[in-house]
Amino acid sequence: MFGWLTKKGKIHDAAFALYTALVSQARQPAFYIQGGVADTKEGRFDLILVHAFMLFRRLKTSPAQKELAQQVFDVMFADLDQNMREMGIGDVGILKRIRKMSESYHGRIVAYEEGIAAGDTALGAALDRNLFAETNVTAGQIAAMTSYIYATVDHLATLDDAALIRGEVSFPAPTYDATGS
């Protein structure tokens, strides 16, 4: 699937492992069942972008991890390309969609970064516009996702640079109370 990843080199293996971990986290059923994220291609894509944003935010804290961050980004878009090919989308269609996805990702980075800097209300509004664009969610679900993002950012900050370079990352579990918020 990713022929270029078969090259020897720890950076490629680490990038693939980090990307795989963030996708696995984004596929946790609680995000969709209790959290209100739309269980659609777009909803899953947006949740992957939220997790990618948090991981890239962590990686950019270390200049030594710039190459690793770029490799994770490359793996992410190679995977998106491959998935579209498996859905039968042609080369021209893929190019247009990848360009749009890249623009969407960069816009979301700005919105989420500004939201984190400005506080819960701004981050919640950014999530409502992007992650929850396809759904009607409760204030509790937005608050739960906002809390999850802050907890994840804090958690990722505690991870050792060497572990990340080895491709080792963990995320906190998404938590929702019994009412779904």
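## Thr146

Thr146 counts as buried because its relative accessibility is 4%, under the 20% limit. The model is predicted. Thr146 sits in helix α7. Beyond its neighbours within four places in sequence, Thr146 is in contact with Asp120, Leu123, Gly124 and Leu127.

## Helix α7

Helix α7 covers residues 139-158. Its 20 residues should span 28 Å at 1.5 Å a residue, and its end C-alpha atoms lie 29 Å apart, so the two values agree.

## Packing of α3 on α7

Two packed helices are described by the angle between their axes and the distance between the axes. For α3 (residues 41-59) and α7, the angle is about 35° and the axes are 9 Å apart. The crossing is right-handed.

From α3, the contact uses Leu47, Val50, His51, Met54, Leu55, Arg57 and Arg58. From α7, the partners are Met145, Tyr148, Ile149, Thr152, Val153, Leu156 and Ala157. By class, this contact holds ten nonpolar, two polar and two charged residues.

## Aromatic pairs

The count of aromatic pairs comes to five. One of these is formed by Phe31 and Tyr148. Their ring centres are 5.1 Å apart, with 70° between the planes. An angle over 60 degrees counts as edge-to-face, so this pair is edge-to-face. The pair links distant parts of the chain: Phe31 belongs to helix α2 (residues 29-33), Tyr148 to helix α7, and 117 residues separate them. Both Phe31 and Tyr148 are buried. Tyr148 also takes part in the contact with α3.

Phe73 and Tyr105 make a tilted pair, 6.0 Å centre to centre, with 50° between the planes. This pair too links distant parts of the chain. Phe73 is in helix α4 (residues 66-86) and Tyr105 in helix α5 (residues 91-118), 32 residues apart. Tyr105 counts as buried because its relative accessibility is 2%. Phe56, Phe73 and Tyr105 form one aromatic cluster.

## Arg129

Arg129 lies in helix α6 (residues 120-129). With 52% relative accessibility, Arg129 counts as exposed, because the limit for that class is over 50%. Arg129 and Ala111 are 18 residues apart in sequence. In space, their C-alpha atoms are 9.5 Å apart.

Notes:
Residues numbered from 1 in each chain as written. Predicted model: local features only at pLDDT ≥ 70, side-chain atom pairs only at ≥ 80, totals over all residues. Heavy atoms only, no water. Axes fitted to C-alpha atoms, helices over the stretch in contact; angles between N-to-C directions. Helix = DSSP H or I, 4+ residues; strand = E, 2+ residues; numbered from the N terminus. Left-handed = near helix turned anticlockwise from the far one by under 90°. Contact = heavy atoms within 4.5 Å. Nonpolar A, V, L, I, M, F, W, Y, C, P; charged D, E, K, R; others polar. Expected span 1.5 Å × (residues − 1). Buried < 20%, exposed > 50% of the residue type's maximum accessible area, 1.4 Å probe, protein only. Phe/Tyr/Trp six-rings, centres within 6.5 Å; stacked < 30°, edge-to-face > 60°.
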